[in-house]
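Have a look at it alongside me.

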Amino acid sequence: MKILYFIFISFSLLACSQNYQPIKSSDMTNNTSKNNPYFSRTDTAKINISEEEWKKHLDPELYYIARQQGTERPHTGKYNDFDEKGTYYCAACGNHLFKSTQKFASTCGWPSFFEADKNGVEYKRDSSHGMERIEVVCKRCSSHLGHVFNDGPPPTGTRYCMNSISLDFVPDN
Ligand SMILES: [Zn+2]
């Protein structure tokens, strides 16, 4: 009986540690277009599908950030400390969002941009977690990208604080 109890406890602990394992985005690749029929870098038609459908086609990490307003841990995202030249697209749908020329080195722990493609993003009020913030979502598929703040550098004074997992980077050339 004691042994059974011990096994039960062990399994419970195992289940807990799996549930609370933090996302290590640095270990991940953005497997964006794979198995995702909605992903296109040329189609601009709005996407309005169920969360069930999204869940089928997005990697679990991306689904959590993009569709459940998740946030990756600071200083872990692959595009945080990253200055290659290229273009950033929505990892969920391929919509054009940012250029590397709009990115700046921020100390906040997430990839930051001072400007976004006006046709790429739109804004929502976010009062969650006891804060008043402005959420940035993809204009094509409404996926969560991050938040925008007014403490950015010139010329705009704006800081788009994004999740690396929500971004799909394509280098120039
Ligand atoms: Zn999108």
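My entries below go from the whole chain to a helix, a sheet and a single residue.

**Ground rules.** I am working with a predicted model, where local features need pLDDT of at least 70, side-chain atom pairs count only at pLDDT 80 or more, and totals for chains, interfaces and linings use all residues. I number residues from 1 along each chain as its sequence is written.

**Whole chain.** I found three helices and nine strands in the protein chain; both are DSSP runs numbered from the N terminus, with helices (H or I) of at least four residues and strands (E) of at least two. Reading from the N terminus, I noted the order α-α-α-β-β-β-β-β-β-β-β-β. Of the 173 residues, 32% are buried. For my own reference, buried means 20 or more other C-beta atoms within 10 Å of the residue's own, exposed means 12 or fewer, and partly exposed is in between, with C-beta atoms placed from the backbone. I also checked contacts, meaning C-beta atoms, placed from the backbone, within 7 Å. Among contacts between residues at least 6 apart in sequence, 59% join residues at least 24 apart.

**Helix H3.** Which residues of helix H3 (residues 60-67) are buried? I listed Glu 61, Leu 62, Ile 65 and Ala 66. Seen down the axis of H3, these buried residues fall within an arc of 110°, so they line one face of the helix; the arc is that of the directions from the helix axis to the C-beta atoms. They pack against strand S7 (144-149). Just after H3, I spotted Gln 69 with a positive phi of about 55°.

**The sheet.** Strand S7 turned up again in an open sheet of six strands, in the order S3-S4-S8-S7-S6-S5, with antiparallel pairing. Strand S3 (103-104) and strand S5 (121-126) are at the edges with a single partner strand each, so one side of each has no neighbour in the sheet. Two strands pair if DSSP finds at least two bridges between them.

**Val 170.** I ended in strand S9 (residues 167-171), which holds Val 170. Is Val 170 buried or exposed? Val 170 counts as exposed, because it has 11 C-beta neighbours inside 10 Å. Leaving out residues up to four places away in sequence, Val 170 touches Gly 86, Thr 87 and Tyr 89. I also noted 6.4 Å between the C-alpha atoms of Val 170 and Tyr 88, which are 82 residues apart along the chain.

Methods. Contact = placed C-beta atoms within 7 Å.
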